[in-house]
Amino acid sequence: PRYILLLETLIKYTDPSYKDYIGLQNALELVKEVAGHVNSAHAQVDNEMFSLCVRFGEPFEELMEPWRKFLGEIKLKCISGKKNDKQKILLLTDHIILASGHNKPKFKGKIHLANCWVVNMKDTDDYK
């Protein structure tokens, strides 16, 4: 808003016959357009992160940052012994979130992606 106000004030006090008057008007329209895109993208990110916060509760609130974005989620079914365990993995721009349950997931922990690496492993009969 401050750049819009600055340009509006400049236009207000600039003589319309001045050679850069049209340029100021064009700059104002461009800044308004960019501000609209930024606000729209910011609202979308806020909505996604807020939705996750509602689903997971307080432990997720500490992950609320304006620059952090939700990228996707994966549902897993882990079979360990007699227990079929439903797990969920959420991917954020800088974290992997671990949760249990699919319908009402429970926050289990987080892993910062700076502490992770990917290893390309050959499939074996145990993991097919």
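A: The predictor's confidence in each residue is expressed as pLDDT, on a scale from 0 to 100. The model is predicted, so that local features need pLDDT of at least 70 and side-chain atom pairs count only at pLDDT 80 or more, while totals for chains, interfaces and linings use all residues. Residues are numbered from 1 along each chain as its sequence is written, and side-chain values use heavy atoms, with hydrogens and water left out.

The protein chain has an average pLDDT of 81, and 82% of its residues score at least 70. It contains 3 helices and 4 strands (DSSP runs numbered from the N terminus: helices are H or I with at least four residues, strands E with at least two). Their order along the sequence is α-α-α-β-β-β-β.

Helix α1 (residues 2-12) has the highest confidence, at 93, whereas helix α3 (residues 58-61) has the lowest, at a mean of 64. Where pLDDT is low, the predicted coordinates should not be read in detail.

Within α1, the buried residues are Ile4, Leu7 and Ile11 (buried means under 20% relative accessible area, exposed over 50%, partly exposed in between, with a 1.4 Å probe and protein chains only). These residues lie on the same side of α1 because they cover an arc of only 70 degrees around the axis, the arc being that of the directions from the helix axis to the C-beta atoms. An α-helix has 3.6 residues a turn, so residues three or four places apart point the same way. Arg2, Leu5 and Lys12, on the other side of α1, are exposed.

Across the protein chain, 23% of the 128 residues count as buried.
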